[in-house]
Amino acid sequence: MAVRACGLIVYRRLPPKAADNIEYLLLQTSYGSHHWTPPKGHVDPGEDDLQTALRETREEAGLQAAQLALVDGYRKELHYPVNGKPKTVVYWLAEMKDSNTEIKLSEEHQAFQWLKLEDACKFAEYEDMQAMLKDAHQFLCSRK
């Protein structure tokens, strides 16, 4: 069976609230290759996917559900192998209600960055993560 994880693509809009003023939150792991990803983690027994995404974002970035606005209509699944086993990660989009809210990292991460799309794609080394960030950005820019 595939390992399942869930997370949120957290973004903020800086004034003026134009498409080129969107920044994405990426966290750098404090283990392994120190890769950069949005907050995410494994589904606990009895949790649904969205509960997992919100819990992991709270645990890893210190962001409470009340500080975020989920974006209707966006849900993306990534599928890739980890240590020879299939993994599925489900992401939703969530906007910071206050772009100045402090990020509080857990011990799982050593750094965070707010990045515009181009830089976020450079930090996110994996092609599927880059494609998802571009897709999320396009989705946001196509909304009124």
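Is Cys141 buried, exposed or partly exposed? With a relative accessibility of 37%, Cys141 counts as partly exposed; buried means under 20% relative accessible area, exposed over 50%, and partly exposed lies in between (1.4 Å probe, protein chains only). Before going on, please note that this is a predicted model, in which local features need pLDDT of at least 70 and side-chain atom pairs count only at pLDDT 80 or more, while totals for chains, interfaces and linings use all residues. Residues are numbered from 1 along each chain as its sequence is written, and side-chain values use heavy atoms, with hydrogens and water left out.

Let us stay with the cysteines. A disulfide is a pair of cysteine sulfur atoms within 2.5 Å, and a search of the whole structure turns up zero of them. For Cys141, the closest cysteine sulfur belongs to Cys121 and is 12 Å away, too far for a bond. Cys6, in turn, is buried, at a relative accessible area of 0%.

Next come the aromatic rings. Rings of Phe, Tyr and Trp (its six-membered ring) pair if their centres lie within 6.5 Å; planes under 30 degrees apart count as stacked, over 60 as edge-to-face and the rest as tilted. The structure has three such pairs. Helices (H or I, at least four residues) and strands (E, at least two) are DSSP runs, numbered from the N terminus. Trp36 is buried at 10%, whereas Phe123 is partly exposed at 27%.

Now look inside. A nonpolar core is a set of buried Ala, Val, Leu, Ile, Met, Phe, Trp, Tyr and Cys residues joined through side-chain atoms within 4.5 Å. The largest one has 23 residues, and Ile9, Tyr24, Leu93 and Leu133 touch the most other members. Helix H3 (127-142) is among the elements that each supply at least two residues, and H3 gives the most, with five. A second, separate core of 15 residues includes Val10, Leu27, Ala94 and Trp114.

Finally, find Arg12 in strand E1, where Arg12 is buried at 15% relative accessibility. Its side chain makes a polar contact with the side chain of Glu23 at 2.7 Å; such a contact is a pair of N or O atoms within 3.5 Å, and within protein one must be able to donate a hydrogen and the other to accept it, with residues adjacent in sequence counting only if both atoms are side-chain atoms. The backbone oxygen of Ser99 also lies 2.9 Å from a polar atom of the Arg12 side chain.
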